[in-house]
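Visitor: I have a model open and would like a quick tour. Can you walk me through it by question and answer?

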Amino acid sequence: MSFRLGASARYLATLSLLLSTGSCGEDAAGHLSPVADKVDRIESGVLDMRLSVSAVSAPDARIGFGIHGPFELEGPSLEADLTYRQIAGSEEAEVRFVAVDGRAFVESDGAFFELPVEDDPSTAEAPTALQDLGFEGWAADPTVVSGDPSDHLTIASPLDEVSALAGIARLLDDLEMKEASGLAVLEGLDADALERSVSSGSMTVRIGSDDLLRELVVRMRFGIDPSSPLAKVLEGVTGAELLFTVEIAEPNRPVSVEIPQGARPISELTGS
């Protein structure tokens with residue numbers, strides 16, 4: 001379950017988890033690994049992935065991105081209609097990617113342009129973004145907080161922040177979006193430095209009765225103390241918060257994507 005979509009949205013077919021309230025740890029931990037093992041069985045759905053970083057003192061001044069739309073990977077090539085939104089404070093920019101029948105398109109200012117064959121999205125052989133996350137290892141002390149395995153199950157846990165940041169960083173590398181995420185400031189920090197930079201973290205996971213992931217929510221608070229490598233980078237900021245969510249609605253149900261009408265060659269947009 002992995003794919004490429006042009007130069008900027010790659011391995012976007014991912015998964016899901018959510019949040020609620022209490023039961024017990026060993027059973028909860030036992031649910032996470034089977035769910036992670038079945039990630040490659042999610043072959044279609046509606047993806048909603050978001051990542052943002054904001055200062056506690058200015059929560060509206062976020063940096064990050066969102067990706068939303070239907071995808072299907074069951075055929076020989078990807079079918080998807082994904083909108084990528086870049087967020088930088090009050091500024092937002094949006095790009096739409098459409099992949100269908102082995103062809104790929106990008107929308108700009110209401111007009112569609114077809115990408116060349118070498119950028120055509122396809123099911124790739126590289127590890128999927130979700131498999132690289134390793135989210136089953138992020139839970140420090142998981143607890144079943146609501147639901148029943150025969151229906152939907154929600155698991156909550158304090159976060160192993162270092163493992164979570166490493167997994168999110170791998171995802172951003174796969175998507176070529178580390179700069180857009182606002183997390184480039186963490187590049188090169190070792191585990192000890194990361195531990196000193198994060199004051200708290202939590203994760204919640206919602207699992208369907210089919211053991212497929214429905215939603216993942218990760219929250220992290222960065223504590224900017226003088227010993228933290230982030231102190232100089234975020235000088236004058238009392239702290240920062242990270243929110244990372246991945247949700248897939250209607251997993252493994254067919255989706256419909258249509259070829260955009262009147263698409264023009266990408267050369268008309270790039271001038272090359």
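Visitor: How many helices and strands does the protein chain have?
Guide: Keep in mind that this is a predicted model. Helices and strands here are DSSP runs, numbered from the N terminus. The count for the protein chain is 7 helices and 14 strands.

Visitor: What percentage of the residues of the protein chain count as buried?
Guide: Buried means under 20% relative accessible area. The protein chain has 272 residues, and the share that counts as buried is 46%.

Visitor: Among contacts between residues at least 6 apart in sequence, what percentage join residues at least 24 apart?
Guide: Contact means heavy atoms within 4.5 Å. Take the contacts in the protein chain between residues at least 6 apart. The share joining residues at least 24 apart is 67%.

Visitor: Is Phe 244 buried or exposed?
Guide: Phe 244 lies in strand E13. Beyond its neighbours within four places in sequence, Phe 244 is in contact with residues including Met 49, Leu 133, Ile 168 and Leu 216. Its relative accessibility is 0%, so Phe 244 counts as buried.

Visitor: What distance separates the C-alpha atoms of Phe 244 and Met 203?
Guide: Phe 244 and Met 203 are 41 residues apart along the chain. Their C-alpha atoms are separated by 9.4 Å.

Visitor: Which strands each supply at least two residues of the lining of the largest pocket?
Guide: The largest pocket has a volume of about 310 Å³. Of its 19 lining residues, the closest to the centre are Asp 48, Met 49, Arg 50, Phe 65 and Gly 66. By class, the lining has 7 nonpolar, 5 polar and 7 charged residues. The strands are E3 (44–55), E4 (58–72), E5 (79–88) and E13 (239–249).

Visitor: What is the phi of Asp 101?
Guide: Asp 101 lies in the loop between strand E6 (91–100) and strand E7 (103–108). Asp 101 is exposed, because its relative accessible area is 53%. Most residues other than glycine have a negative phi. Asp 101 is not a glycine, yet has a positive phi of about 55 degrees.

Visitor: Where does Asn 252 lie?
Guide: Asn 252 has a positive phi too, near 65 degrees. At 32% relative accessibility, Asn 252 counts as partly exposed. Asn 252 lies in the loop between E13 and strand E14 (264–265).

Visitor: Is Lys 178 buried or exposed?
Guide: Lys 178 sits in helix H4 (residues 178–181). The C-alpha atoms of Lys 178 and Gly 64 are separated by 9.2 Å, and the two are 114 residues apart along the chain. With a relative accessible area of 14%, Lys 178 is buried.

Technical notes
Residues are numbered from 1 along each chain as its sequence is written. This is a predicted model: local features need pLDDT of at least 70, side-chain atom pairs count only at pLDDT 80 or more; totals for chains, interfaces and linings use all residues. Side-chain values use heavy atoms; hydrogens and water are left out. On a 1 Å grid over the protein atoms alone, a cavity is a set of points where a 1.4 Å probe fits but cannot get out, and a pocket is an open set with protein on both sides within 12 Å along at least five of seven lines; lining residues have an atom within 4 Å of a point. Grid points are joined across faces, edges and corners, and a volume is the space filled by probe spheres set on the points. Helices (H or I, at least four residues) and strands (E, at least two) are DSSP runs, numbered from the N terminus. Ala, Val, Leu, Ile, Met, Phe, Trp, Tyr, Cys and Pro count as nonpolar, Asp, Glu, Lys and Arg as charged, and the others, Gly among them, as polar. Buried means under 20% relative accessible area, exposed over 50%, partly exposed in between (1.4 Å probe, protein chains only).
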